[in-house]
Amino acid sequence: GAVVSQHPSRVICKSGTSVKIECRSLDFQATTMFWYRQFPKQSLMLMATSNEGSKATYEQGVEKDKFLINHASLTLSTLTVTSAHPEDSSFYICSARESRGLYNEQFFGPGTRLTVL
Amino acid sequence: ELKVEQNPLFLSMQEKKNYTIYCNYSTTSDRLYWYRQDPGKSLESLFVLLSNGAVKQEGRLMASLDTKARLSTLHITAAVHDLSATYFCAVDEDRDDKIIFGKGTRLHILP
């Protein structure tokens, strides 16, 4: 089956630092990857859609300069939270859509829990 | 704008009982997904429903889709404690790449 990995699974950082999260599709090529944020007991909120080789499309209210997304290859997208603050603490989940997938299904990574002190 | 509504948002039920979670959506779509999320974990794909009248079953869970009513149901038969989790439905926006999630249904099954 389609497997998506994320690294790191958990990160704790000081306020003002930047944190990079990697999302990889392990056994398939993904032209499109998605980044979500989930606060406790809430649903997933789409932050941005990332297409390989082009700029990410951000959802309304998501700061482009704060959440930098790079989709450098068909198997890797990165999310960098710049100058992190405690309110950025959340569960970040990526997903990847297979380039030639039949059902347009997204496969989700295991998530990264970010805690900003 | 596509909206996805689930109900109930919280469900506490006893083992061996049956229950149904409902998912309504506001615009046309030809793909609906059900996911399970355990505390502290990411999403696990349960079902992909692609057409009107589609019905899929896995163990004690059965999902169906009525595209005319814009409604999907997730039916739980003879619930067991292991099914305690949060269940999300999500709908593919026809015009866009993205999927829109419902708020989720927190299911708590009492032993």
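The model is predicted: local features need pLDDT of at least 70, side-chain atom pairs count only at pLDDT 80 or more, and totals for chains, interfaces and linings use all residues. Residues are numbered from 1 along each chain as its sequence is written, chains are lettered from A in the order in which they are written, and side-chain values use heavy atoms, without hydrogens and water.

A:Cys23 and A:Cys94 are joined by a disulfide with an S to S distance of 2.0 Å; the criterion is a pair of cysteine sulfur atoms within 2.5 Å. The link of A:Cys23 and A:Cys94 is right-handed, with 80° about the S-S bond. Because A:Cys23 lies in strand β3 (residues 19–25) of chain A and A:Cys94 in strand β9 of chain A, the pair ties together parts that are 71 residues apart in sequence. Strands are DSSP runs (E, at least two residues), numbered from the N terminus.

Over all chains, the count comes to 2 disulfides. In chain B, the sulfur atoms of B:Cys23 and B:Cys89 are 2.0 Å apart and form a disulfide. This link of B:Cys23 and B:Cys89 is right-handed, with 80° about the S-S bond. B:Cys23 belongs to strand β3 (residues 19–25) of chain B and B:Cys89 to strand β9 (residues 85–92) of chain B, 66 residues apart. B:Cys23 counts as buried because its relative accessibility is 0%, and B:Cys89 is likewise buried, at 0%.

The sulfur of A:Cys13 is too far for a bond, because the closest cysteine sulfur, in A:Cys94, is 18 Å away. A:Cys13 is buried, with a relative accessible area of 9%.

## Interface of chains A and B

The contact (heavy atoms within 4.5 Å) takes 24 residues from chain A and 20 residues from chain B. Between them the chains bury about 1600 Å², 53% of it on carbon and sulfur atoms; buried area is the accessible area (1.4 Å probe) lost on putting two parts together, summed over both.

Across the interface there is 1 salt bridge, defined as a side-chain nitrogen of Lys or Arg within 4 Å of a carboxyl oxygen of Asp or Glu. B:Lys98 forms this salt bridge with A:Glu59, the closest N and O atoms being 2.9 Å apart. On the side of chain A that touches chain B, β4 (30–38), β5 (44–51), β9 (90–98) and β10 (106–108) of chain A each supply at least two residues. Of these, β4(A) gives the most, with 4 residues.

Notes: Buried < 20%, exposed > 50% of the residue type's maximum accessible area, 1.4 Å probe, protein only.
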